[in-house]
Amino acid sequence: MTERIFNFSSGPAVMPLPVLEQVQRDLVALPGVGMSVMEISHRSSTFEAIIAKAEADIRKLAGVPDGYRILFLQGGASLQFSMVPMNLLTEGRTADYLMTGTWADKAAGEARKVGTVNETGSTAADGFGRIPTDAECAFTPGAAYVHMTSNNTIEGTEWQRLPKVGDVPLVCDASSDIFSGPIDVTRYGLIYAGAQKNLGPSGVTLVIVRDDLLARSARALPSMLNYAVQAENGSLYNTPPAFGIYVLALVVEWLLKLGGLPAIDAMNERKAGRLYAELDRTGFWRPTAQGDSRSLMNVTFRLATEELEKAFVKESTAAGFDGLKGHRSVGGMRASIYNAFPEEGIDRLVEFMRDFEQRNG
Ligand SMILES: *Cc1c(COP(=O)(O)O)cnc(C)c1O
């Protein structure tokens with residue numbers, strides 16, 4: 001089968017078709033190089049140019065100012081759950097964690113192995129169906145940092161504002177909504193994201209970190225887990241995930257050509273808006289995230305019975321859609337519609353939903 005289907009996978013997720021086509025064209029031999037990107041030294045001038053362009057384009061796309069480092073690491077977002085506290089949660093201090101879902105809980109769990117954690121803003125009592133209000137967040141004065149998860153991939157909620165952390169560095173797991181819309185990097189101390197949802201293939205993790213925070217990394221840390229060492233070596237302390245960085249750079253270039261973050265934001269608003277409008281149209285569908293907390297990236301919904309949900313997943317697969325089953329921990333359905341998900345796929349899904357509702361409503 002060479003025909004592409006509509007892929008609603010939560011991650012690894014759909015990639016922009018023009019990027020896949022360019023990777024295919026240039027896979028055997030990079031133009032002018034005569035070797036695949038997989039076959040060249042990471043110390044070669046060719047790869048140096050690739051990683052330098054990746055960084056420059058990210059700076060341009062997201063307005064990352066001087067004073068912030070851009071790192072390409074490995075180990076996924078899950079290794080950042082450990083690296084963040086190992087580097088930033090210094091002796092005698094407390095880190096605040098905003099408890100908005102499964103991934104936030106995992107991040108806090110790893111931090112507790114390193115030091116003192118204050119969990120706050122939990123919406124567990126509401127099934128994580130919403131983002132906490134400012135009044136529900138109690139921060140520790142002088143905390144080492146505050147950790148948030150900007151988009152809760154499993155529960156389908158997303159922060160529409162930033163928590164009020166004052167001067168305390170804000171650390172953000174942006175794995176599932178990075179570069180889905182404009183971002184003011186200066187409001188963060190550190191941003192991290194596994195690439196496989198909105199940036200490229202799995203195996204590369206983007207970290208954007210404010211210079212002054214690098215001073216917290218203890219020399220005793222294992223070198224590979226030390227932000228300062230990674231920064232001093234320009235992400236080339238050891239062999240980096242070269243292929244992943246190359247593809248990530250193409251994705252960022254694709255975003256720039258589209259018109260940057262305002263343009264992709266408008267597309268994401270249109271796509272999610274159309275899907276939520278359908279979910280709200282009748283009582284048949286049961287969207288799980290509350291209105292002001294709804295994610296533009298992961299649209300979660302249920303039906304009246306688990307039998308109906310099973311039928312929906314089965315029939316949608318037969319109709320040429322993939323990945324609509326919700327995460328095993330929460331059940332129901334989830335349509336992950338990241339940057340690269342085509343608008344046409346939303347129209348096709350809505351048609352399918354109308355038909356399903358008519359037959360089962
Ligand atoms: C997918 C995901 C993770 C886990 O990412 P890995 O790269 O597999 O470790 C962490 N946080 C969020 C918000 C995610 O969506």
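**Figure 1. Helix H3 and the shell around the ligand.** In this predicted model, helix H3 (residues 76-88) gives the shell around the ligand its largest share, four residues. Sorted by class, that shell holds three nonpolar, eight polar and two charged residues. There are 13 residues around the ligand, and those that come nearest are Ser78, Thr153, Asp173, Gln196 and Lys197.

**Figure 2. Polar side chains at the ligand's oxygen atoms.** Thr153 places a polar side-chain atom 2.4 Å from an oxygen atom of the ligand. For Ser78, the distance from an N or O atom in the side chain to a ligand oxygen is 2.6 Å, and for Gln196 a polar side-chain atom sits 2.9 Å from an oxygen atom of the ligand. On its own the ligand has 390 Å² of accessible area, and the protein covers 87% of it.

**Figure 3. Helix H6 against helix H7.** Two packed helices are described by the angle between their axes and the distance between the axes. For H6 (residues 242-258) and H7 (residues 260-281), the angle is about 85 degrees and the axes are 7 Å apart. H6 is therefore roughly perpendicular to H7. On the H6 side, the contact is made by Trp254, Leu255, Leu256 and Leu258, and on the H7 side by Gly260, Ala263, Ile264 and Met267. Counted by class, this contact has seven nonpolar residues, one polar residue and no charged ones.

**Figure 4. Helix H7 against helix H9.** Now follow H7 to its packing with H9 (residues 343-360), where the angle is about 5 degrees and the axes lie 10 Å apart. That angle makes H7 roughly parallel to H9. From H7, the residues that meet H9 are Met267, Arg270, Lys271, Arg274, Leu275, Glu278, Leu279 and Arg281. Their partners in H9 are Glu343, Ile346, Asp347, Leu349, Val350, Met353, Arg354 and Glu357. By class, the contact of H7 with H9 has nine charged, seven nonpolar and no polar residues.

Figure 5. Most residues other than glycine have a negative phi, and most peptide bonds are trans. Which kind of peptide bond joins Gly11 and Pro12? The bond is cis, with omega of about -10 degrees. Pro12 belongs to the loop between strand E1 (6-7) and helix H1 (17-26). The other detail is Phe179, a residue other than glycine whose phi is positive, near 60 degrees. Look for Phe179 in the loop between strand E8 (170-173) and strand E9 (190-194).

Methods
Residues numbered from 1 in each chain as written. Predicted model: local features only at pLDDT ≥ 70, side-chain atom pairs only at ≥ 80, totals over all residues. Heavy atoms only, no water. Axes fitted to C-alpha atoms, helices over the stretch in contact; angles between N-to-C directions. Helix = DSSP H or I, 4+ residues; strand = E, 2+ residues; numbered from the N terminus. Parallel < 35°, antiparallel > 145°, perpendicular 65-115°, else oblique. Contact = heavy atoms within 4.5 Å. Nonpolar A, V, L, I, M, F, W, Y, C, P; charged D, E, K, R; others polar. Near = heavy atom within 4 Å. Polar contact = N/O pair within 3.5 Å; in protein donor to acceptor, adjacent residues only side chain to side chain. Areas by Shrake-Rupley, 256 points an atom, 1.4 Å probe, with all protein chains shown as cover.
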